[in-house]
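Please examine the model shown below before reading on. The paragraphs that follow lead through its parts step by step.

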Amino acid sequence: MSHAQYQAVYTLLKELEAVLRIAKLWQSESIEAEKLNSTAPFCCDVMTFEQWLQFVFIPKMTLMIEQGMPLPANMSIAPMAEMSFATHPQYPQILSLLTKLDKSLQQN
């Protein structure tokens with residue numbers, strides 16, 4: 001993955017964080033550490049989808065970018081947003097960003 005591709009994914013992650021904050025889906029307090037040990041998809045057994053985005057997805061992807069690690073290919077998290085945020089006012093923006101992230105990583 002080129003530097004430009006890493007930068008594009010990093011920019012989308014920052015935009016996602018900003019939209020989650022605007023949507024009031026970003027929590028100010030940390031999550032309990034034991035919840036991070038979940039092995040369920042999206043940690044759905046112990047977290048909401050927005051918590052997973054905030055405490056697992058964004059930090060892990062950011063770390064991978066900072067360390068120049070290969071990013072996941074064929075990721076598909078936009079469908080989870082369709083289920084989780086369908087009635088939220090910021091749904092179109094969140095779905096758009098997650099769809100862009102999915103597509104940018106499929107080109108990996």
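**A guided reading of the model**

C43 is located in the loop between α1 and α2; helices (H or I, at least four residues) and strands (E, at least two) are DSSP runs, numbered from the N terminus. The model is a predicted one, in which local features need pLDDT of at least 70 and side-chain atom pairs count only at pLDDT 80 or more, while totals for chains, interfaces and linings use all residues. Residues are numbered from 1 along each chain as its sequence is written, and side-chain values use heavy atoms, with hydrogens and water left out.

Is C43 buried or exposed? With a relative accessible area of 5%, C43 is buried; the term buried means under 20% relative accessible area, exposed means over 50%, and partly exposed lies in between (1.4 Å probe, protein chains only). The backbone of C43 also deserves attention. Most residues other than glycine have a negative phi. The phi of C43, however, is near 50°, a positive value in a residue other than glycine.

The search of the whole structure finds zero disulfides. The cysteine sulfur closest to that of C43 belongs to C44, and the two are 8.1 Å apart, which is too far for a bond. C44 is likewise in no disulfide, since its nearest cysteine sulfur is that of C43, 8.1 Å away. C44 is partly exposed, at a relative accessible area of 48%.

Another residue of the loop between α1 and α2 is K35. Its relative accessibility is 24%, so K35 counts as partly exposed. Not counting residues up to four places away in sequence, K35 touches C43, V46 and M47, where contact means heavy atoms within 4.5 Å. K35 and A86 are 51 residues apart along the chain, and their C-alpha atoms are separated by 25 Å.

The loop between α2 and α3 contains N74. This residue has a positive phi of about 55° although it is not a glycine. At 62% relative accessibility, N74 counts as exposed.

The helices come next. E17 is found in helix α1, residues 3-22. Its relative accessible area is 16%, and E17 is therefore buried. When residues up to four places away in sequence are not counted, E17 touches W26 and I58.

Helix α2 holds Q51 and P59. Q51 counts as buried at 14% relative accessibility, whereas P59 counts as partly exposed at 38%. Beyond four places in sequence, Q51 touches Q27, I31, V46 and V56, and P59 is in contact with L53 and Q54. P59 and P41 lie 18 residues apart along the chain, with 17 Å between their C-alpha atoms.

How do helices α2 and α3 meet? Two packed helices are described by the angle between their axes and the distance between the axes. The axes are lines fitted to C-alpha atoms, for helices over the stretch in contact, and angles run from 0 to 180 degrees between N-to-C directions. The axes of helix α2 (residues 49-66) and helix α3 (residues 78-85) come within 10 Å and cross at roughly 135°. That angle makes α2 oblique to α3: angles under 35 degrees count as roughly parallel, over 145 as roughly antiparallel, 65 to 115 as roughly perpendicular and the rest as oblique. On the α2 side the contact is made by F49, E50 and L53, and on the α3 side by M80, A81, S84 and F85. These residues divide into five nonpolar, one polar and one charged. In this grouping, Ala, Val, Leu, Ile, Met, Phe, Trp, Tyr, Cys and Pro count as nonpolar, Asp, Glu, Lys and Arg as charged, and the others, Gly among them, as polar.

Finally, consider the interior. A nonpolar core is a set of buried Ala, Val, Leu, Ile, Met, Phe, Trp, Tyr and Cys residues joined through side-chain atoms within 4.5 Å. Which of the 36 residues in the largest nonpolar core touch the most other members? They are L16, W52, L53, F57, I94, L98 and L101. Each of α1, α2, α3 and α4 (91-106) supplies at least two residues of this core, and α2 gives the most, with 10 residues. W52 is in contact with F42, C43, M47, F57 and I77, leaving aside its neighbours within four places in sequence.

How values were computed: Disulfide = S-S within 2.5 Å.
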